Amino acid sequence: AYDGTFNRYLVVFQRTFGFDDVDVRAQMVTSGGSLTGGVLSLATNGVNRSPAVGDQTGQNKFVVAWQHSGSGFGKHDIQALTVDAGTAALSVIVDVARTVAGNEIQPDVAGERGSEDDAFIIWNDEGNGIWAAQLDVAPMQAFDVTQIAATTTAEKPAISKSTGLPGGCLV
């Protein structure tokens, strides 16, 4: 994801240390391709996979979402945090989607381009369709959870990476 105010990208990735230990990491990169700052450790407890990132321009924050499980055998939930595009400060981690029976996987993120402070996260609730949540990044909280597709065979959702000034995304 690219932040135009600070002219930098945030690259997110997962790093595997063991069966029950998979972290989400990030690295800021200038538009010229140079690394800026060190590697950021975003999620280090448990198993954290499939990170996705979007830019929330109004607040100059990157929004990162991933699927989280307490163990290599567990069901997954969707978690997210923000990374300040200027300082690399991390917000608290919030649970975006957390059900006892569900297996929430394959998140994707889109940020708001206007002065709003929202982002949108979509995911596959395995066997229960595609879902979306609006995320307020100031303060960090998820709300307005909506089912996008109810079919049990839907998977691998994707959302447009940037919205128009009045808002709106394409799933």
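This is a predicted model: local features need pLDDT of at least 70, side-chain atom pairs count only at pLDDT 80 or more; totals for chains, interfaces and linings use all residues.
**Whole chain**

The chain contains twelve strands and zero helices, so do not look for a helix as a landmark; by the DSSP assignment, helices need runs of at least four residues. Read from the N terminus, the order of elements is β-β-β-β-β-β-β-β-β-β-β-β. Among contacts with a separation of 6 or more, 44% join residues 24 or more positions apart. Switch to a surface view next: the chain exposes about 7900 Å², and 51% of that comes from carbon and sulfur atoms.

**The largest nonpolar core**

Select Val63, Ile78, Ala80, Val96, Ile121, Trp123 and Leu135 and show their side chains. Within the largest nonpolar core, which has 17 residues, these seven touch the most other members. Now colour the strands that contribute: β6, β7, β8 (94–97), β10 (118–125) and β11 (130–137) each provide at least two residues of this core. Strand β11 gives the largest share, with four residues. In general terms, nonpolar side chains in soluble globular proteins tend to be buried together.

Stay on valine 63 and display what surrounds it. Which residues is valine 63 in contact with, leaving aside neighbours within four places in sequence? They are Ala52, Val53, Gly54, Gln56, Leu81, Thr82, Val109, Ala119, Ile121, Leu135 and Val137.

Then select Met28, Leu40, Val64 and Leu81. These belong to a second, separate core of 15 residues. Leu81 therefore deserves a label in both views: Leu81 is a member of the second core, and Leu81 is also in contact with valine 63 under the 4.5 Å heavy-atom cut-off.

**Two salt bridges**

How many salt bridges does the structure hold? There are two. Side chains of opposite charge can pair when their charged atoms come close.

For one of them, select aspartate 84 and lysine 61. Their closest N and O atoms are 3.6 Å apart. Aspartate 84 sits in strand β7 (residues 77–84) and lysine 61 in strand β6 (residues 61–69), so this pair ties together parts that are 23 residues apart in sequence. Are the two residues buried or exposed? Both aspartate 84 and lysine 61 are buried.

For the other, select arginine 25 and aspartate 23. Their side chains form a salt bridge at 3.6 Å, N to O. Arginine 25 and aspartate 23 are both buried.

**A nonpolar patch on the surface**

Return to the surface view and select Tyr2, Tyr9, Val11, Phe13 and Val39. Together they form a nonpolar patch with about 410 Å² of accessible area. Strand β2 (residues 8–18) supplies the largest share of the patch, three residues. Valine 11 is located in strand β2 and is partly exposed, with a relative accessible area of 41%.

The whole structure has two aromatic pairs. One of them joins tyrosine 2 and tyrosine 9: the pair is tilted, with 4.8 Å from centre to centre and 50° between the planes. Tyrosine 2 is partly exposed at 34% relative accessible area, and tyrosine 9 is partly exposed at 37%.

Terms used:
Residues are numbered from 1 along each chain as its sequence is written. Side-chain values use heavy atoms; hydrogens and water are left out. A salt bridge is a side-chain nitrogen of Lys or Arg within 4 Å of a carboxyl oxygen of Asp or Glu. Buried means under 20% relative accessible area, exposed over 50%, partly exposed in between (1.4 Å probe, protein chains only). A nonpolar core is a set of buried Ala, Val, Leu, Ile, Met, Phe, Trp, Tyr and Cys residues joined through side-chain atoms within 4.5 Å. Accessible areas come from the Shrake-Rupley method with a 1.4 Å probe; for residues, only the protein chains shown count as cover. Patches are made of residues with over 30% relative accessible area and no salt bridge: like charges are joined within 9 Å, nonpolar side chains (Val, Leu, Ile, Met, Phe, Trp, Tyr) within 5 Å. Rings of Phe, Tyr and Trp (its six-membered ring) pair if their centres lie within 6.5 Å; planes under 30 degrees apart count as stacked, over 60 as edge-to-face and the rest as tilted.
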